Amino acid sequence: MAAFDDDDAPVPPEIACADQIFDLSFHPGGEYLACGLIDGAVELWKYGLDANEKVFSSNPHQGSCRGLQFNSDGSVLYSISSDGCLRGIDGVGKETFKIENAHPSSINKMSILDTNLLSTGDDNGIVNIWDVRQSGQTPIMSWNVHTDFISGFAYNNDRNTLLSTSGDATLAAYDMKKGSSINNKGELSGYERSDDQEAELNCCVIIKNG
């Protein structure tokens, strides 16, 4: 039977995964929930008010699955891991996209920016931008402006600007139009970084109409 909360509104029963859950993502079409586990497994569940059903369990990673996210139409589920890999699977758990060594260290955060682009950030502060239409293993943009783990992303589509927060207590903004180019002084350009905020920044979100 369906469980009930304090307001007597029906809610689905609890979902019990095989190991500790690191992250989760709801399918944009509803009724499906993907869970990334600490042992590297990815589980897809169909949930309902009366019962839950495990659709599949996949093991795409050798390390913990630290993040996962469905694309806009739900056809691909992308996942990141402490093994440094970026992978994509379809609705039956079949691999459709793979970057074996997307980062030299553990990947901590991921964000889908639009239909074709996604960002990843690792424990050493590196931010990479990937075009899923390309089969190569090289990011189309890359910045190394933080000195600690990437904790969060936010994307302003109208301004074509990506934001990242980090354990080094700073916020960075990247100009996606300029990209990660090198200026005439031999310096990495296309970004701005805030002053030290004196405490870890753990997430960010864009508000007030951008």
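Patches are made of residues with over 30% relative accessible area and no salt bridge, where like charges are joined within 9 Å and nonpolar side chains (Val, Leu, Ile, Met, Phe, Trp, Tyr) within 5 Å. A salt bridge, in turn, is a side-chain nitrogen of Lys or Arg within 4 Å of a carboxyl oxygen of Asp or Glu. This is a predicted model, in which local features need pLDDT of at least 70 and side-chain atom pairs count only at pLDDT 80 or more, while totals for chains, interfaces and linings use all residues. Residues are numbered from 1 along each chain as its sequence is written, and side-chain values use heavy atoms, with hydrogens and water left out.

**View 1. A nonpolar surface patch of Ile21, Leu24 and Phe26.** Together these residues have about 280 Å² of accessible area (Shrake-Rupley method, 1.4 Å probe, with only the protein chains shown counting as cover for residues).

**View 2. Ile21 in strand 3.** The strand covers residues 21-26 (strands are DSSP runs of E, at least two residues, numbered from the N terminus). Ile21 is partly exposed, its relative accessible area being 38% (buried is under 20%, exposed over 50%, partly exposed in between; 1.4 Å probe, protein chains only). Beyond its neighbours within four places in sequence, Ile21 is in contact (heavy atoms within 4.5 Å) with Cys35, Gly36 and Leu37. Between the C-alpha atoms of Ile21 and Cys65, which lie 44 residues apart along the chain, the separation is 8.7 Å.

**View 3. Ser58 in strand 6.** Ser58 belongs to the strand of residues 53-58 and is buried, with a relative accessible area of 12%. When residues up to four places away in sequence are not counted, Ser58 touches Gly40, Ala41, Val42, Ile89 and Gly93.

Methods
Helices (H or I, at least four residues) and strands (E, at least two) are DSSP runs, numbered from the N terminus.
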